[in-house]
Amino acid sequence: MPNARHKRRHSARLRRLALPFAGVGAAAGAAVGATTLTAAPAPTAAIASLSPAPFDVGELREDAAAGPDRGDNGAPSPLAGSVGTPSATPAPTPSAPVTAAPAPAPTAVAPVPTPTPTPAGFPPVAGCDATIPDDDIGNGELGSDHLCGIGSGQQLRPDAAASFVALDAFYRAETGEGLIECVTDSYRSYEAQVDVADRKPGLAAEPGTSQHGWGLAVDVGCGANSFGGELYAWLDDNAGDFGWDNPDWARPSGSTPEPWHWEFAPES
């Protein structure tokens with residue numbers, strides 16, 4: 001078996017040759033490795049280590065933030081660690097507008113009634129149906145059929161009574177007082193006129209001629225018995241609108257001055 005022997009020899013030879021080379025390689029590798037490790041220089045730091053700061057930066061920042069040279073009116077400095085924009089000074093709250101008190105409304109004044117006579121005269125006295133006497137009725141002879149009561153026990157002819165009641169209402173509206181209450185005399189019968197003439201000779205009209213006997217005259221007190229009285233002045237200004245007048249003979253320059261005597265002039 002030549003071939004088998006030949007193979008064994010070659011194998012042994014190869015083993016003998018390979019071992020020296022393996023030792024040489026290992027030794028060479030070990031030498032290279034040793035050379036590399038021992039030949040590398042010691043590592044040198046690329047950047048030198050930082051030296052400690054010779055001062056406290058934080059403290060300087062705080063001093064700068066609180067220093068007198070700041071121009072931000074004392075607002076926190078960003079250097080002092082503040083965050084965001086310093087808050088602005090709040091605007092003053094506007095005051096509520098002052099509303100002026102409304103002016104008081106003027107007090108309404110009731111208009112004073114103005115007399116408005118008509119051809120038929122003033123409204124008749126309520127509850128009175130008397131008529132104007134005929135020509136056959138004499139002075140001082142009027143009865144209940146020809147007289148109307150105006151209050152306070154006084155009587156006048158129907159047209160004169162209606163007019164005087166209207167005058168009284170006008171006076172009340174202006175003054176708040178009554179005029180009828182100031183009447184001291186009105187219609188006089190013939191007998192009553194005789195009595196007055198006897199008591200006041202030369203002052204009272206002759207019986208049968210006085211306007212009192214026709215129910216067309218009144219005598220007024222309450223200050224109207226003086227030409228300088230307030231009521232006389234009021235009557236002189238207003239009574240004419242109602243048909244009443246202080247006749248010429250009774251005025252200051254008349255034959256027998258009587259400021260209290262007022263007569264009604266009928267329309268017909």
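Is Phe-227 buried, exposed or partly exposed? Phe-227 is partly exposed, and its relative accessible area is 28%. Keep in mind that this is a predicted model.

I'll take the aromatic residues, then the sheet.

Searching the whole structure gives eight aromatic pairs. One of them is Phe-170 with Trp-234: the ring centres are 6.0 Å apart and the planes meet at 40°, so this pair counts as tilted. Phe-170 sits in helix α3, residues 158-175, and Trp-234 in helix α5, residues 230-238, so the contact ties together parts 64 residues apart in sequence. What about the accessibility of these two? Phe-170 is buried, at 9% relative accessible area. Trp-234 is buried as well, at 11%.

Back to Phe-227. Its ring pairs with that of Tyr-232, with centres 5.2 Å apart and planes at 85°; that angle is over 60 degrees, so the pair is edge-to-face. Tyr-232 has a relative accessible area of 5% and is therefore buried, the cut-off being under 20%. Phe-227, at 28%, is partly exposed.

There is also an aromatic cluster, formed by Phe-122, Phe-170, Tyr-171, Trp-234 and Phe-242.

Which residue does Val-218 stand opposite? That is Trp-262, in β6.

Note on methods. Residues numbered from 1 in each chain as written. Predicted model: local features only at pLDDT ≥ 70, side-chain atom pairs only at ≥ 80, totals over all residues. Heavy atoms only, no water. Pairing = 2+ DSSP bridges. Helix = DSSP H or I, 4+ residues; strand = E, 2+ residues; numbered from the N terminus. Phe/Tyr/Trp six-rings, centres within 6.5 Å; stacked < 30°, edge-to-face > 60°. Buried < 20%, exposed > 50% of the residue type's maximum accessible area, 1.4 Å probe, protein only.
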